[in-house]
Amino acid sequence: MTSRARRCLSATLVLATAAVLVACSAPVAGTPTPGGATVSTRTPGTTPGSSGATGITTPSNAPSGGTAAGSAAGGPTGEAPVPAGLETFYGQQLDWGSCADLATSEDTKVYRSASLQCADLTVPLSYADPGGPTITLKVLRKQATDRAGRIGSVVTNPGGPGGSGVENAAYLGAFGLATELNKEFDLIGFDPRGVGFSSPEIRCQTDAQRDAARAVTTRTRTPEEIAAADALAQQLAQGCAALSGPPEGVDGPTFLANVGTGTVAKDVDVLRAALGDRGLNYIGWSYGTSIGTEYARQFPGNVRAMILDGAVDPNEDPVASSLGQAEGFQQAFEDFAAACAKKPTCPLGTDPAGATAAYQALVRPLLDTPLPLADGRVLTFNDATTGTFTALYSESLWTQLTDGLTGLAAGDGSGLMALADSYLGRDSAGHYSNIQDAFLGIGCIDGSRTIDPAQAQQLADKSAAAAPFLASGDPPAAVKDPCDFWPVPTTALQPVTDVPGLPQVLVISTTHDPATPYQAGVNLAGTLDARLLTVDGTNHTAYLTAGNQCADEIGTDYLVSLTLPADGTTC
């Protein structure tokens, strides 16, 4: 069992497979899924192959030691400034108690752990109107085990957008997945506004609507089919406006206008103050790096330490980002196929060069004839490809992907469906988390899904060509995104050129990361003047997520002692 960090597959890349309803999740390993299957990752203490788990290299001209960024406590000094009008929010005391009320099923029994504590953080709906409506964010804590040596809190976000920081921190803490870090830091997870256990929530579809949508594969062979796909995108946007907002009495469009990353960064500073920390210690995986980058831009003087792992480049346009993801997932598929081909029973055959064609032969028949499942649902082309790219986020899931494809070849779709359910946030009772909905809502407000219509068809063509294993074979089409019908205007994040006053932080980037390509981390490190740690492997993120002892030790040492690795270090 291990924590999972994830950046969702881009809208354009998913649309290239003929799916309209874009989805993402950050499931925790070991979560049971329908049919009795379990989505698992590595066993604690083991390391996946080819991860460089214990190897660390530095270039020949690099210094042998790291760079000390300060003392063990270190960080900002003096009182942190409190924005005018927000004194009540910054001065609030968190009322910690049991998390057991979050354990509503066997799937969520982790919250019954006596080691975990939960509280609600109150923040303004709009920071432009601090005297107006308020909302609540759920916060979870696993207290430091060495109380005498405690440095402070470390706030974490697993990605998405839409991933539950509460869930991720619960598994990190309750299952001892960050034991060394937890000695001197309280482990903190929070659900950003609209996400998970925070209230109100972003919600776009009911469970029944989402199940029904998954049972139908959207096609793009004719103008009529494209128009139908556009209509579904519009219906989804309308659903977000109708279902988001309750029970706090805030109407959907008003709430959706206030869920952007820029606002979340302000929430993080309120959380920092409520935790009693002068300087923020933060770990952001995947999209969580966007929150961290935006926090650094707005509050550089309040940062003590920050790990940004699986970076999103804040200055990359959506077109380049989508194409980079398409290329990354194709590379990850080819890495998987090469490993699989070494086994005579590989469902894609023993010639890696033929793996894409072999895969297409397995999944494309589902376009016309979905495969019935024992629970009454059907495995569609969309769900089969979703299950596949889910497993490409981590080498530790390759065995399950092999089993799923072997099952599909034999007429059993349960393995791939279990992977797809984990990605889409469907639990064993058929209830969906709101990670899909939050991914959509936050992306629309941030403008990260907005494509120039003049570029849309070209992007659809290039995305299908860049990731042929995902292509349906239907003509790529510039299908509209739900953001094209969004009920409120975009509030795009500001470009980040340099961040004066920010201490040197740590960016981690993995060479064959499919979701956040390696170069994005290189670019972010350059923008922030951060230290870059390179990790060799085919995984999405590395610190505490991939069983990479080298990356784990470097990251923890930095958070504790503020000692950065030598320039050019590779794990």
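Ser-164 caps the N-terminal end of helix 3, with a side-chain oxygen lying 3.4 Å from the backbone nitrogen of Val-166. This is a predicted model, in which local features need pLDDT of at least 70 and side-chain atom pairs count only at pLDDT 80 or more, while totals for chains, interfaces and linings use all residues. Residues are numbered from 1 along each chain as its sequence is written, and side-chain values use heavy atoms, with hydrogens and water left out. Helices (H or I, at least four residues) and strands (E, at least two) are DSSP runs, numbered from the N terminus.

Helix 3 is mostly covered, since eight of its 10 residues are buried, where buried means under 20% relative accessible area, exposed over 50% and partly exposed in between, with a 1.4 Å probe and protein chains only. The buried residues of helix 3 are Gly-165, Val-166, Asn-168, Ala-169, Ala-170, Tyr-171, Leu-172 and Gly-173. Their cover includes strand 6, strand 7, strand 8, strand 10 and strand 11. Just after helix 3, Gly-176 takes a positive phi of about 65 degrees.

An open sheet of nine strands, with mixed pairing, has the order 5-6-7-10-8-11-12-15-16; two strands pair if DSSP finds at least two bridges between them. Its edge strands are strand 5 (97-98) and strand 16 (531-535), each of which pairs on one side only. Strand 8 (residues 152-157) and strand 11 run parallel and are joined by three bridges, and Val-155 stands opposite Tyr-282 in strand 11.

Helix 8 packs on the sheet, touching strand 6 (116-124), strand 7 (134-142), strand 8, strand 10 and strand 11, and the direction of helix 8 makes about 125 degrees with that of strand 6. Helix 17 (residues 518-528) also packs on the sheet, where it touches strand 12 (303-309), strand 15 (506-510) and strand 16, and its direction makes about 165 degrees with that of strand 15. Axes here are lines fitted to C-alpha atoms, for helices over the stretch in contact, and angles run from 0 to 180 degrees between N-to-C directions.

Asp-186 is found in strand 10 and is buried, with a relative accessible area of 2%. A polar contact of 3.1 Å joins the side chains of Asp-186 and Arg-147; such a contact is a pair of N or O atoms within 3.5 Å, and within protein one must be able to donate a hydrogen and the other to accept it, while residues adjacent in sequence count only if both atoms are side-chain atoms.

Leaving aside neighbours within four places in sequence, Asp-186 is in contact (heavy atoms within 4.5 Å) with residues including Arg-141, Lys-142, Gln-143, Arg-147 and Arg-150.

## Two helix pairs

Helix 8 (residues 261-274) and helix 9 pack at an angle of about 75 degrees, with their axes 9 Å apart, and they are therefore roughly perpendicular to each other. Angles under 35 degrees count as roughly parallel, over 145 as roughly antiparallel, 65 to 115 as roughly perpendicular and the rest as oblique. The residues of this contact divide into five nonpolar, four polar and four charged, where Ala, Val, Leu, Ile, Met, Phe, Trp, Tyr, Cys and Pro count as nonpolar, Asp, Glu, Lys and Arg as charged, and the others, Gly among them, as polar.

The axes of helix 13 (residues 398-409) and helix 14 (residues 414-424) come within 7 Å and cross at roughly 135 degrees, so helix 13 and helix 14 are oblique to each other. Gln-400, Leu-401, Gly-404, Leu-405 and Leu-408 of helix 13 make the contact with Gly-415, Leu-416 and Leu-419 of helix 14. These residues divide into five nonpolar, three polar and no charged.

Most residues other than glycine have a negative phi, and most peptide bonds are trans. The bond from Gly-160 to Pro-161 is cis, with omega near 0 degrees, and Pro-161 is found in the loop between strand 9 (159-160) and helix 3 (165-174). The bond from Ser-199 to Pro-200 is likewise cis, with omega near 0 degrees, and Pro-200 is found in the loop between strand 10 (185-190) and helix 5 (207-214).

Phi of Ser-286 is near 60 degrees, a positive value in a residue other than glycine. Ser-286 is placed in the loop between strand 11 (280-285) and helix 9 (288-298), and is buried, with a relative accessible area of 0%.
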